[in-house]
Amino acid sequence: MKRFREDLIDRVSVFMFFVFVFFLLLMGPAVRVWALDAAPGRQYDGIDVSQWQGNIDFGQVAASGIRVVYIRSSLGGGFIDPYFEQNYQRARAAGLKVGFYHYVTARTASQARYQAQFFVRVVQGKVFDCRLAMDFEDLTNLSAAEADEIGLAFIREVERVSGKGAVVYSNTYNAGAMFSGALTRYPLWAAEYGVSQPASSVNWSSWAGWQYTDQGRVPGISGYVDRDIFTDAMFLDDAGQVRPPKEPLPSSGIVEYQVGAGDTLWAIARRYRTSVAAIAAENGLVNPDLIYPGQTLCIKIRDDAPQADSHTYYTVRAGDTLTGIAARFQTTVARLVSVNGIKNPDLIYTGERLQIPTAGASDGAPDGAVYTVRPGDTLWEIGQRYGVSVSDLAEANDITDPGLIYPGEVLRIP
């Protein structure tokens, strides 16, 4: 009996061993599938920056080991990052490899192509090393098919107009749930935080760039900055300047939208980046609060419609002050207090969301107003817009040649 029990135990042990091995064989490939491989080639430490980082000492950034910087150049169909020119000049002077990205807000393929042309016009004349990046993360109320159509229209137009390669920036969720098809033929710059490698739940086979945190710390930058790892796949074969593009010609189209249960005119306006007043006027709505499921609304969308609100937003971080935020966004404490209804300017909270008046957002010129020069602008036209003479503009901004201003240059309106 004892021998029988020992033999039985041996048999069970052998059986369990093979079950364990079989389990490992099954799990092994599954574990590997969860990790997305990097594109072949060398890897480089990098960052991506915009106006949110304020003044940057790129000399210190380069000395810390950062090799590549992606700079936000523009947003939508007409907004140039106020720090674009400054960031570009300083990054190049520090010997960093440079790339540019554009924040897409389009809601139609036509708008996307217009924004792509605007992007290329903004970066013309600049020498850069990396693929032009499409940052299309504002997918509010878009279907996967719509997101694909808009994204593909933008990135194809960027390559067509610029003659340069492009790359898709996306978090791993959207790269799996929203983007697919022809978009996946372009390299992926993936964003995923708090992991050792990006997840493979995307429709790409590898990542060219990986943004692994939005709370990085780098010498020369006050506050947090996005940290990245970039591979050789992010670099252009022909670094340099884009082809001189033609000025984009805007068009407009009508979208027919069928109201669904729970829809509001505000939500529909937000989806198509227009206003409640515009939709109400176009459809003869007497009461904008009264729309019905099944009702068809005609919504006019212009390619060159303002894609950014008259205010942008900033989330307060630890150590921030209202004075520092005002300086970063080239506005005043008084305007921040007024816009946000702040009772005590010395009391703001980490995590609080503030509206930031953007350059040129108003028709008038309140104290402290600034304007970011756009492609094709002249000092005379800017003066006419704000009711200020060319000589006063030149004097207020130390301009020695009134005929020479640059896209991205920030002017103070006296």
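Which residues do ring pairs link into a cluster? Keep in mind that this is a predicted model.

## The ring cluster

The cluster is made of Tyr70, Tyr101, Tyr169, Trp189 and Phe230, joined by ring pairs. Across the structure there are 13 aromatic pairs. One of them is edge-to-face: tyrosine 169 with tryptophan 189, at 5.0 Å centre to centre and 75 degrees between the planes. That pair links distant parts of the chain, since tyrosine 169 sits in strand S8 (residues 166-171) and tryptophan 189 in strand S9 (residues 188-191), 20 residues apart.

Tryptophan 189 has another partner, phenylalanine 230: the ring centres are 5.4 Å apart and the planes meet at 70 degrees, so this pair is edge-to-face as well. Phenylalanine 230 belongs to strand S12 (residues 225-231) and tryptophan 189 to S9, so the contact ties together parts 41 residues apart in sequence.

## Helix H4

Now for the helix. H4 covers residues 109-123, and at 1.5 Å a residue its 15 residues should span 21 Å; the end C-alpha atoms are 21 Å apart, so the two values agree.

H4 is mostly covered, with 13 of its 15 residues buried. After H4 comes glycine 125, which has a positive phi near 85 degrees.

Conventions:
Residues numbered from 1 in each chain as written. Predicted model: local features only at pLDDT ≥ 70, side-chain atom pairs only at ≥ 80, totals over all residues. Heavy atoms only, no water. Helix = DSSP H or I, 4+ residues; strand = E, 2+ residues; numbered from the N terminus. Expected span 1.5 Å × (residues − 1). Buried < 20%, exposed > 50% of the residue type's maximum accessible area, 1.4 Å probe, protein only. Phe/Tyr/Trp six-rings, centres within 6.5 Å; stacked < 30°, edge-to-face > 60°.
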